[in-house]
Amino acid sequence: MASGGGTVSSLHQPRLAWVRILWMVTSTATDLEGLYGPGHRLCTTPNPQLSLVLSLEREIDLFELEQLCDAVGWSRRPLRRVRKALQHSLLVVGLWRHDPRLPRLVGFARCTGDGVIEATVWDVAVHPLYQGAGLGKQLMGSVLDRLRAMQVERVSLFADPDVVAFSSAQGWELEPQSRRCAFWYSP
Ligand SMILES: CC(C)(COP(=O)(O)OP(=O)(O)OC[C@H]1O[C@@H](n2cnc3c(N)ncnc32)[C@H](O)[C@@H]1OP(=O)(O)O)[C@@H](O)C(=O)NCCC(=O)NCCS
């Protein structure tokens, strides 16, 4: 997803810094709240001039989400099914590259569950141009904080083998020998 103004380079090596500083000065807390909702959270990044915001309230544009999923190499799903999945999710978190006119979706995660006892985290993704800067960790942190606030007792997630280390590094326990898990797939 091209997010304008460069991405990796702007994440790690400040460019057009004066423009971004101007944004930060002119973006009041009220502006941010209007764009991202009262529970939004500013992310820490290696480039302090780049504003990245986590929001559970800002509506996700399905086409933007599809572009993000394309960027991380996931196969496409019909948008009407994705819309329904989001509507039925317990929580949906967007990671936004702040732009007062047009915030860009650069990360995403969602959870399903009953909101009391069980929850499952799905579709955790950070755009490749923004990976490796601690954003995935902050995204997961925001998901878990919200689930903790709901007093959900147990959270599970399913990870591809090459990403298991991402979760275990954050304290997730691996299921011993994959023997307690069962799946049913629609024929
Ligand atoms: C997995 C993903 C969300 C990580 O996002 P990220 O922003 O790059 O992660 P972070 O920079 O916050 O990394 C946090 C820690 O996890 C480690 N990590 C990140 N990706 C990893 C991976 N694929 N395997 C193992 N460790 C990983 C980092 O080295 C870092 O370790 P540190 O805290 O010791 O420095 C991102 O790579 C992604 O979107 N991948 C494609 C989609 C995907 O596979 N999603 C996972 C579904 S569970």
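This is a predicted model: local features need pLDDT of at least 70, side-chain atom pairs count only at pLDDT 80 or more; totals for chains, interfaces and linings use all residues.
Helix H4 (residues 62-71) and helix H5 (residues 79-87) have axes that come within 11 Å and cross at roughly 100 degrees. H4 and H5 are therefore roughly perpendicular to each other. Where they meet, H4 brings Leu62, Leu65 and Glu66, while H5 brings Leu79, Val82 and Arg83. By type, the residues of this contact between H4 and H5 divide into 4 nonpolar, no polar and 2 charged.

The largest nonpolar core has 28 residues, and Leu95, Phe108, Leu135 and Leu139 are the ones that touch the most other members. At least two residues of this core come from each of strand S2 (52-55), H4, strand S3 (91-97), strand S4 (104-113), S5 and H6. As a general background, nonpolar side chains in soluble globular proteins tend to be buried together.

You will find Phe108 in strand S4. Is Phe108 buried or exposed? Phe108 counts as buried because 23 other C-beta atoms lie within 10 Å, and the cut-off for being buried is 20 or more. If we leave aside neighbours within four places in sequence, Phe108 is in contact with Leu65, Leu68, Val93, Gly94, Leu95, Asp123 and Ala125.

Another partner of Phe108, Asp123, deserves a look of its own. Asp123 belongs to strand S5 and is not a glycine, although its phi is positive, at about 55 degrees. Most residues other than glycine have a negative phi. Asp123 counts as buried because it has 20 C-beta neighbours inside 10 Å.

Gln151 sits in the loop between H6 and strand S6 (154-157). Gln151 is exposed, because 9 other C-beta atoms lie within 10 Å and a count of 12 or fewer makes a residue exposed.

Our last stop is the ligand. Which of the 19 residues around the ligand come nearest? They are Gln131, Gly136, Lys137, Ala165 and Phe166. Strand S5 (118-126), helix H6 (135-149) and helix H7 (164-168) are the elements that give two or more residues to this shell. The shell's residues divide into 12 nonpolar, 4 polar and 3 charged.

Note on methods:
Residues are numbered from 1 along each chain as its sequence is written. A residue is near a molecule or strand if its C-beta atom, placed from the backbone, lies within 6 Å of it. Helices (H or I, at least four residues) and strands (E, at least two) are DSSP runs, numbered from the N terminus. Ala, Val, Leu, Ile, Met, Phe, Trp, Tyr, Cys and Pro count as nonpolar, Asp, Glu, Lys and Arg as charged, and the others, Gly among them, as polar. Axes are lines fitted to C-alpha atoms, for helices over the stretch in contact, and angles run from 0 to 180 degrees between N-to-C directions. Angles under 35 degrees count as roughly parallel, over 145 as roughly antiparallel, 65 to 115 as roughly perpendicular and the rest as oblique. Two residues are in contact if their C-beta atoms, placed from the backbone, lie within 7 Å. A nonpolar core is a set of buried Ala, Val, Leu, Ile, Met, Phe, Trp, Tyr and Cys residues joined through C-beta atoms within 7 Å.
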